[in-house]
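Here's a quick briefing to go with the model you're about to open.

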Amino acid sequence: MLPPVAVDQLFAPDFAKQPLRLSDIAFVPQFEAAALSWLKKASQEPVGIAKITAKADYLDRLPVRIRSGSPNSFLIWQETLLSKGLALLMPETSDDMGRLIAAEDAAISNGLGMWRDDAMDEPPYVVAGASDKTLWGRSNLADVKDAIGRFVVVDAVLVSVEHQEWRSYLNFGQDWRRDFTIAIGSDLRDVLVGTKEALDDWIGRKVRVRGVIENRGGPYIALRNINWLCVEAQ
């Protein structure tokens, strides 16, 4: 692996001059330097590179997963960066996201890197209301109502579900006109749960979603990717 000069453009001899990027994660400017430092150190070890797809992105970068170290003791780069709070999970493939979700979850719960309460002026992690601020035992978590116009990760406990023909609404408060709502179009809903009634089983469970917060009377996310939403297991 050639020493990286940027977090989002990597090069390796086996890929000639084809730029690479780590799949399923994104970097935030405030933590790019720390992430790049880790990448430079990791690139000094033997690496294994697996293509996620043969199609390059719009910047001609090939999305890959990389691991370094020996077969018996290795690090998955995406997983490690997420576990340190140096990257944001942005699922883009249908691969099993379990390990990556768990890595980011641990960083959020422990307040590491970008997830530290005072790490950024505009925190990337918010909750849907005062009652959700006890999810991690931390009392000063940012509120989704203060994140209008930003891309964030939101944790909240689902209160109710409203179904319409073309979409379903997940409501996270008693007043859907003012409280946080997730809208799921019927096309994504059918892929996610099959039947709309299956969403009712989520009531009372913690939901995590990522996306841009809109103002529709209250804070609102229109789900763009089914991999950007997960619900805790029963």
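**Leu 89 and the rest: a quick tour**

Leu 89 sits in strand 6 (residues 88-89); helices (H or I, at least four residues) and strands (E, at least two) are DSSP runs, numbered from the N terminus. Keep in mind that this is a predicted model, in which local features need pLDDT of at least 70, side-chain atom pairs count only at pLDDT 80 or more, and totals for chains, interfaces and linings use all residues. Residues are numbered from 1 along each chain as its sequence is written, and side-chain values use heavy atoms, with hydrogens and water left out.

**Confidence**

- The protein chain averages a pLDDT of 90, and 95% of the residues score at least 70; pLDDT is the predictor's confidence in each residue, from 0 to 100.

- Leu 89 counts as buried, at 1% relative accessibility (buried is under 20% relative accessible area, exposed over 50%, partly exposed in between, with a 1.4 Å probe and protein chains only).
- Leaving aside neighbours within four places in sequence, Leu 89 is in contact with Asp 24, Leu 82, Met 97, Leu 100, Ile 101, Glu 104 and Arg 210, where contact means heavy atoms within 4.5 Å.
- A search of the whole structure turns up one cavity of 30 Å³ or more. On a 1 Å grid over the protein atoms alone, a cavity is a set of points where a 1.4 Å probe fits but cannot get out, while a pocket is an open set with protein on both sides within 12 Å along at least five of seven lines; lining residues have an atom within 4 Å of a point.
- The largest cavity holds about 70 Å³ of space, a volume being the space filled by probe spheres set on grid points joined across faces, edges and corners.
- Leu 89 is one of the residues lining the largest cavity, and others include Trp 228, Asn 227 and Cys 230.
- Helix 3 gives the largest share of that lining, three residues.

- The largest pocket has about 260 Å³ of space. Of its 16 lining residues, Arg 21, Leu 22, Ile 25, Ala 26 and Arg 61 are the closest to its centre.
- That lining splits into eight nonpolar, one polar and seven charged residues (Ala, Val, Leu, Ile, Met, Phe, Trp, Tyr, Cys and Pro count as nonpolar, Asp, Glu, Lys and Arg as charged, and the others, Gly among them, as polar).
- The second largest pocket has about 160 Å³, and its lining divides into eight nonpolar, one polar and two charged residues.
- Strand 9 (residues 151-157) supplies the largest share of the second pocket's lining, three residues.

- Ala 35, Leu 36, Trp 38, Leu 39 and Ala 42 are the buried residues in helix 1 (residues 32-42). They are on the same side of helix 1 because they cover an arc of only 160 degrees around the axis, taken from the directions from the helix axis to the C-beta atoms.
- Exposed Ala 33 and Lys 41 are on the face of helix 1 turned away from its buried side.
- The buried residues of helix 1 pack against several elements, including strand 4 (62-70) and helix 2 (77-83).
- Gln 78 lies in helix 2 and is buried, with a relative accessible area of 0%.
- Beyond its neighbours within four places in sequence, Gln 78 has contacts that include Leu 22, Ile 25 and Leu 100.
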